[in-house]
Amino acid sequence: MMTKTVAVIGGGPAGMEASKELAFNGFQVVLLESGARLGGHMNQWDRLFPNKRPAGEILESLYRNFPGSITVMTETNITSIGRNADRFILRTAGRDVIEADALLVCTGFRVFDAILKEEYGYGIYDNVITSVDLEQWFKEKRPVLTSHGRVPATVGFIHCVGSRDEKSGNLHCSKVCCVTAVKQAVELKEKLPEARIFCFYMDLRMFGLGYEELYKESQEKYRIQFIRGRLSEAFENMDGSLMAKVEDTLTAKPLRINLDLLVLMVGFLPSDGTAAIGSLLGLTFNPNGFLQPRDGHLQPHDTEQQGVFLAGSCKGPKNLEETLADARSAVLRIRQYLTN
Amino acid sequence: MPRWGYKIHEDRQVIWEEGDFSLVERIRLAEPSLCLCISCGTCASGCTAAQFTDFSLRRVIIQLQRGRIEEVRQEIDRCMLCGKCILTCPRGVNTRHLVLCIRKELSGDVLY
Ligand code: SF4
Ligand code: SF4
Ligand code: SF4
C-alpha cells in the first residue's frame, strides 16, 4: 500500500501536534503555514493560565521529537484547492503544487481588533493597551509603566472586548479571556505590589479546573477587585490617565474611576486563514464565522466535504488543553478514514 | 420660601476616589475571608433580618469594599447575629464575625 499523505493547513499548536501524531502513525505529512514560523499564538504568550507555566515549555515540547519526515512549508499561502479522484491538489502563491489524500484544517483564530471599539480609546489614548500587548510586555520583561514613564498606581482590566457584543458583530463568548485577565492581574500585582488592580466584568467564566482556584487566590492573596459592570466609555485626563465610566451593577450606581492603565481583554475571532480556507473548500461556517463540524458532539472533525477534517480553534474558542486534545483526536479520525 | 417649580437632584454618580477605604482595610485584617465574597447573595436570601427589614449582607459587604461607610453604618445594626448565613456562604466568608468586626470598628473600638 502506498503511504498516504495528509496536508495539515496551519502550523499553530493544533497543526504541529496533529502533524507529529500523523507522522508517528506512518503518514506522510505536509504542514503548511502562512506565517514565517510555526507555533502560532503560542509565540506571543509569556506564561499560561491557570498555573503560570511558561509558554516556552509548550513550544519546546511541540518541537521536541518533531519528525524530520514532515515537510514544513512556512510563508505559504494556498490559492486553490482542487480534486483529482480521491486526491486533493493544493496550489500555493509560490506556485508549489501539493497532493494529499486528506486535509486537516488547523487555521485557528485571530484576536479582535480593539481599534474598532472606539469608545475604549485603543489607538487614541496612549495608556490603553490590549491583553496581547501586556503579555508581550511580560514576555519581553519590559517594565510596566505608563506612557509618561510612571509606575501605574491603578490598573483596570476590561473583560469582553469584542466578545458578547453584537455591536461588534460578535455574539459569542471567547471563553479564555476571563481567566487570562485574572492571570495577568495577578502577574501585574506581583510586579507592582502597591498598585490597585480592578477587573470590570459582565460574568466571570472560570470554566476550567484550577480557574476558580486562581480567581479565589486573586481575591485572597492579591486583592484584585472585581467590579461587575461593563465599560461604557473611557476618557483621557490631562495627565494622560484615564477616566472610566461603568455601572457598579451590584450597588446599582453609575461609577467613575481614574485608572493609570487600561487593559482590554480582546476576544477570539476566526483567523483570516480560517475564513479563506473555509471558502476555498466550501465548508459550513457557524453564525460567528468559525468552521462548523458536521456534528459537534459525534463527528467533531468531519465536514460536509469528504476527506476534509477540522481541529483546534478554527471551530471556536478553545484553551490550549482542548486544542491539543482536539488535534490528537482528529488524527485518530483521519487514520480511520485513510485505512478503511 | 418661594417655590420655583424645579429642584436640583443630587448627582448619583459614585466617584471611586471619594470612597473611604480605611475601614475595609482594618476589617480585612480582622476577618480576611471578607475578600472572598463573590456577591452571590446566598447570605441575604436566607437571612432572618432580611425577611423583615431592608437588609442585605451582600450589599453591606459591597458597600464596605467600595468605601461607602455611611451606607454600611445605616444597615449593619439590622443583623440579628443569628449566624444562619455562615452555614450557606459558598466561599466560606465568616459572615457573623465580619458583622461583629464592622460594628466594633464603627462604634469606635479599634480592632487593628
Ligand atoms: S471569557 Fe469572560 S471576558 Fe472572555 S468573552 Fe467570555 S465572559 Fe467575556
Ligand atoms: S447573622 Fe445577620 S446577616 Fe447572617 S443570617 Fe443572621 S441576621 Fe442575616
Ligand atoms: S453568601 Fe458569602 S459569597 Fe455570597 S454574598 Fe454572602 S458573603 Fe458573599
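**A walk through chains A and B**

At 77% relative accessibility, Arg95(A) counts as exposed, because exposed means over 50%. This arginine sits in the loop between strand E7 (87-92) and strand E8 (97-100) of chain A. Arg95(A) has a positive phi of about 65°, although it is not a glycine. Keep in mind that the model is predicted.

Look for Arg223(A) in the loop between helix H5 (211-220) and strand E14 (225-228) of chain A. Its relative accessibility is 24%, so Arg223(A) counts as partly exposed. We will meet this residue again at the interface.

One more loop deserves a stop. Pro50(A) lies between strand E3 (47-48) and strand E4 (53-54) of chain A. The peptide bond that joins Phe49(A) to Pro50(A) is cis, with omega at about -5°.

Now turn to the sheet. Strands of a sheet pair through backbone hydrogen bonds, either parallel or antiparallel. Here, five strands of chain A form an open sheet in the order E5-E2-E1-E9-E20, and the pairing is parallel. Strand E5 (71-73) and E20 of chain A stand at the edges. Each has a single partner strand, so one side of each has no neighbour in the sheet. From one strand to the next, the twist averages 20°.

Zoom in on one pair. E1(A) and strand E2 (residues 28-32) of chain A run parallel and are joined by five bridges. Within this pair, Ala7(A) has Val30(A) in E2(A) as its bridge partner. Helix H1 (residues 13-24) of chain A lies across E1, E2 and E9 of chain A. H1 runs at about 165° to E2(A).

Next comes helix H6 (residues 272-281) of chain A. Which of its residues are buried? They are Thr274(A), Ile277(A), Gly278(A) and Leu281(A). These residues cover an arc of only 105° around the axis, which puts them on the same side of H6(A). The face turned away from that buried side carries the exposed residues Asp272(A) and Ser279(A). So what covers the buried residues of H6(A)? The cover includes strands E1 (5-9), E6 (78-84), E9 (102-105), E19 (268-270) and E20 (308-310) of chain A. E1, E9 and E20 also belong to the five-stranded sheet. Just after the helix, Gly282(A) takes a positive phi of about 65°.

Chain B has six helices and one strand. From the N terminus on, its elements run β-α-α-α-α-α-α. Its C-alpha trace spans about 55 × 30 × 25 Å along the principal axes. Of the 112 residues in chain B, 46% are buried. Take the contacts in chain B with a separation of 6 or more: residues 24 or more positions apart account for 65% of them.

Finally, see how the chains meet. In all, 22 residues of chain A are in contact with 21 residues of chain B. About 2,100 Å² is buried between the two chains, and carbon and sulfur atoms give 48% of that area. Arg223(A) returns here. Together with Leu250(A) and Arg256(A), Arg223(A) supplies 28% of the area that chain A buries against chain B, more than any other three residues. Charged side chains take part as well. Three salt bridges are found across the interface of chain A and chain B. The side chains of Arg66(B) and Asp248(A) meet in a salt bridge, at 2.6 Å from N to O.

Technical notes
Residues numbered from 1 in each chain as written. Chains lettered and ligands numbered in written order. Predicted model: local features only at pLDDT ≥ 70, side-chain atom pairs only at ≥ 80, totals over all residues. Heavy atoms only, no water. Buried < 20%, exposed > 50% of the residue type's maximum accessible area, 1.4 Å probe, protein only. Helix = DSSP H or I, 4+ residues; strand = E, 2+ residues; numbered from the N terminus. Arc of directions from axis to C-beta. Contact = heavy atoms within 4.5 Å. Pairing = 2+ DSSP bridges. Axes fitted to C-alpha atoms, helices over the stretch in contact; angles between N-to-C directions. Buried area = accessible area lost by both parts, 1.4 Å probe. Salt bridge = Lys/Arg side-chain N within 4 Å of Asp/Glu carboxyl O.
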